[in-house]
Amino acid sequence: MTPRAALIGNPSVGKSLIFNHLTGLGVEVSNYPGTTVGVMHGVVRYGDAEFSLADLPGIYSLSGDSVEKEMVREYLLAEDLDLLIAVLDAKHLERNLYLLLQVAEMKKPLLVILNMMDEAEAAGKIIDSASLAKQLGVPVIPSVATNGKNLDDIARSVLDGNVPVPTLAIPYDHHIEAAVHSLQKYYGLSQPEALWALASIPVSTITPEIHENSLVIAEEIERRHMMSPEQIIAANRHNLAKQLAASVTRTAPPRRRRDFDALLTRGFPGLPILAIIMVSILLIVFTLGGVLEETIVSLMTTYIADPFHALGLDPFADTLGGAIILALMSGLGIAFPYVFLFYLFISVLEDTGYLTRAAFLADRGMHKLGLHGQGLIPMVLSFGCSVPAIMSTRLLPTRSERVIASVLVTMLPCSARTVVISGIVASFIGFGAAFSIYAIVFVLVFLVGCILSRITPGEQYGMILEMAELRRPIASHVVRKAWMRVREFLYIAMPLLLVSSIFLGLFEYYSLIAMFEEFIDPISTAVLGLPGFAFTALMFGILRKEMAFETLAVMAGTTDLAAVLSGGQLYIFALVCALFIPCISTIAVLMRETGVRYAAMITVFTLCLGIGLGTLAHLILL
Amino acid sequence: MTSVLSEDILEEILNSGTDEVLLHVLKLPHHTETEIEKALNTLVEHGFVHRGSKTVRLTEKGAEKAAQVARKHAVLETFLTDVLGKQPEAASREACILEHNISTETIERLDNFLDQRKPETVPLEKTEFTNHNNLTRKNPIIPLSECPEGSLLHVSMIRCFAKHSRLIDLGVIPGELITLRRKLVNNAVVITVKGCDIALSPEVSANIMVERCETP
């Protein structure tokens with residue numbers, strides 16, 4: 001049996017970096033709390049031996065009821081690991097020790113990595129790791145993960161197999177101690193379980209009966225101390241962490257650093273800086289992304305699609321192959337220009353630590369939409385492409401916020417929809433009309449945000465966000481992270497794109513399109529005031545929103561759309577296209593991030609919204 | 001001046017941990033309704049308590065007074081258990097009686113006395129009340145959102161504690177010293193606690209009760 005170990009620690013302490021280094025796998029690393037959402041597994045080979053390693057989400061404490069904490073807690077209880085590797089940020093030793101003390105209570109062999117020793121030294125904190133090791137009773141390895149310093153020692157220590165169980169125990173208040181003892185004795189709980197039970201923290205191994213009894217004890221303690229057991233336990237741990245940190249830290253005068261926060265987190269000039277950064281990212285990606293997409297599509301058309309069609313295969317194979325090429329084009333046309341470019345910028349913002357400051361400043365505005373500061377990022381991204389925007393909702397702390405943000409992101413006009421709006425409305429009707437579509441969408445987004453924030457279940461928590469340290473981003477990390485997002489996107493969106501594209505191709509081959517057009521024509525004319533071919537073009541927009549525009553021109557047999565459709569019809573077409581059903585790639589990402597049920601609900605909601613508004617416009621305009 | 005009963009009422013409201021307390025929830029055995037009613041009226045008259053139709057709420061002045069009483073209780077209880085070796089429950093009961101008549105000066109002296117004893121004989125959670133002795137207890141207890149930027153603050157209490165359990169994880173607990181680094185017009189704040197900067201929404205910062213410290 002290979003030994004099994006897990007990395008555990010606060011957010012942004014370098015767990016993922018160490019994991020990458022040891023396993024050689026690519027896991028996203030960032031300077032923003034909460035990047036690792038699930039548990040990652042990998043195998044570490046060192047010499048001719050190996051062990052399995054898990055990368056757990058970053059948490060500040062094992063107690064508490066957030067999703068990540070529960071995940072880590074249950075993982076530790078369910079998986080009988082051979083060894084825990086705690087990663088500490090040396091610069092913020094005291095805060096990190098708070099979690100470490102709880103990890104030590106799990107009574108597993110424990111290896112402590114004291115990471116970011118370089119930053120701690122720069123901040124004037126010299127830490128005596130030998131003394132810390134002595135007090136904890138386990139080995140402490142000082143390291144600098146960004147340059148791989150001492151990381152091989154970790155593998156060596158794990159494989160040596162004689163890492164001890166920590167000896168340090170937290171001196172709890174005597175009432176707590178007594179309660180823990182009796183819970184342990186009566187119900188056979190471990191010490192951590194008894195402590196969780198006392199603090200009313202949901203754990204799968206604690207039965208309702210135990211919970212009820214510990215609640216009675218907890219109330220008794222609360223009455224005596226005028227503090228809940230949860231608070232007392234936390235205070236005991238923090239006190240020990242403070243003593244421990246003080247006893248091993250020697251302070252030297254810190255190297256002087258410029259305090260950029262004086263600029264970045266004030267209303268002025270912080271907000272203008274934030275606005276400039278966001279708008280310029282949007283503009284760069286918008287223009288550069290457009291050019292790149294066009295290049296990719298035209299290159300693929302010239303060098304793959306056209307030669308393929310020139311082969312003169314039998315019509316069935318030709319249709320099928322064409323559909324596959326079309327799907328590849330749609331996927332790559334989003335992946336590199338938008339997902340990759342956006343993530344290059346966002347990674348830079350994340351890794352410099354600016355993103356947390358942006359979230360702080362944006363908190364106020366986001367409140368109105370039922371979101372917190374962290375919600376700014378998906379909103380800004382959504383103007384470029386809904387796909388990376390929805391992927392970024394995982395930065396949000398609660399599930400209800402993630403769902404609200406996903407709905408709003410799906411509704412906001414991405415660059416593809418902008419192409420449709422500008423290509424159809426602005427060029428054939430006028431800028432005012434194009435602008436009015438934007439205005440309608442924004443009003444709707446605002447209304448939906450207000451309504452959702454009221455009706456979505458789950459309590460509204462205020463933002464409590466650790467400000468990441470400002471540091472210089474490392475180019476290779478940034479590129480690697482953007483590349484990983486692209487890979488992830490292609491991996492989840494490609495199958496769906498292929499299936500739907502082939503499906504539409506086959507439809508066309510068996511002349512079902514014409515039948516569909518005939519069938520839909522009366523309905524479409526009655527409801528939206530659009531001819532059947534325009535509605536079919538809308539359906540193609542599901543593959544890629546610009547395709548609605550392209551297909552419309554193809555189906556109409558002319559690029560002068562004004563000749564075949566009236567101004568009102570063009571307006572309705574663009575409006576419906578902007579609102580109804582997100583593209584396949586977006587649906588794929590929605591399914592991944594919010595689950596199938598919510599993805600289906602959002603899709604149906606946008607469909608109703610699009611058709612409903614189209615009908616309304618039809619009644620008013622035609 | 002406040003009577004024994006009114007001090008008990010203030011303490012009860014403080015201990016309930018919420019802003020608005022329903023009148024009938026106040027646990028004050030051994031007192032009749034008319035007595036409580038009378039004491040409450042006096043408290044309202046002196047501006048310690050704000051009274052709604054069915055609820056009561058501490059005013060700033062009341063919160064300060066309540067915290068003083070609570071501190072007296074804690075110091076006395078520590079003394080009775082740790083120095084005199086009484087059973088905790090009996091100690092708590094007796095502290096309840098003593099806390100009303102003991103002078104502030106005696107409490108300070110008793111507190112200093114407890115401070116000077118060897119740290120390991122003092123249970124850890126009690127030290128919260130004795131930490132930072134020279135820095136605090138000269139100023140009123142106010143929400144964090146009302147403090148000016150740059151002030152050094154001593155956390156006295158966190159309201160609606162259960163909602164903000166992440167604050168505990170980050171070390172924002174009663175007794176901790178924090179610095180208010182930044183405050184925006186909407187009362188969103190950045191605080192430094194244990195060397196880390198933490199951003200808080202206005203609704204969070206309004207629930208953290210602090211006392212300003214004179215920088216030593």
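Residues are numbered from 1 along each chain as its sequence is written, and chains are lettered from A in the order in which they are written. Because the model is predicted, local features need pLDDT of at least 70 and side-chain atom pairs count only at pLDDT 80 or more, while totals for chains, interfaces and linings use all residues; side-chain values use heavy atoms, with hydrogens and water left out.

In chain A, helix H22 spans residues 532-540, and eight of its nine residues are buried. Buried means under 20% relative accessible area, exposed over 50%, and partly exposed in between (1.4 Å probe, protein chains only). Helices (H or I, at least four residues) and strands (E, at least two) are DSSP runs, numbered from the N terminus. The buried residues of H22(A) include A:Phe533, A:Phe535 and A:Phe540. The helices of chain A against which the buried residues pack include H20 (475-509), H21 (512-527) and H25 (567-579).

The largest nonpolar core has 116 residues, of which A:Phe360, A:Phe489, A:Leu552 and A:Phe573 touch the most other members. Such a core is a set of buried Ala, Val, Leu, Ile, Met, Phe, Trp, Tyr and Cys residues joined through side-chain atoms within 4.5 Å. Leaving aside residues up to four places away in sequence, A:Phe573 touches, among others, A:Ala534, A:Ala537 and A:Leu538; contact means heavy atoms within 4.5 Å. Another core, of 61 residues, lies apart from the largest one and has A:Leu100 and A:Val144 among its members. In soluble globular proteins, nonpolar side chains tend to be buried together.

Chain B contains eight helices and nine strands, and 53% of its 216 residues count as buried. Strand E9 of chain B (residues 208-212) has four of its five residues buried. Strands pair if DSSP finds at least two bridges between them. E9(B) runs antiparallel to strand E4 (residues 141-143) of chain B, with three bridges, and antiparallel to strand E5 (residues 152-158) of chain B, with five. B:Glu211 in E9(B) is the bridge partner of B:Ile141 and also of B:His154.

The contact between the chains takes 48 residues from chain B and 50 residues from chain A. About 4,200 Å² is buried between them, 56% of it given by carbon and sulfur atoms; buried area is the accessible area (1.4 Å probe) that two parts lose on being put together, summed over both. Four salt bridges are counted between chain B and chain A, a salt bridge being a side-chain nitrogen of Lys or Arg within 4 Å of a carboxyl oxygen of Asp or Glu. Helix H7 (residues 165-170) of chain B supplies six residues, the largest share of the side of chain B that touches chain A.

Over all chains, the structure holds 22 salt bridges. In one of them, the closest N and O atoms of B:Asp169 and A:Lys69 are 2.4 Å apart. B:Asp169 lies in helix H7 of chain B and A:Lys69 in helix H2 (residues 67-78) of chain A, so the pair joins two chains. B:Asp169 counts as buried at 3% relative accessibility, as does A:Lys69 at 5%.

A:Arg471 forms a salt bridge with A:Glu119, with 2.7 Å between the closest N and O atoms. This pair links parts of the chain 352 residues apart. A:Arg471 is partly exposed, with a relative accessible area of 26%, and A:Glu119 is partly exposed at 21%.
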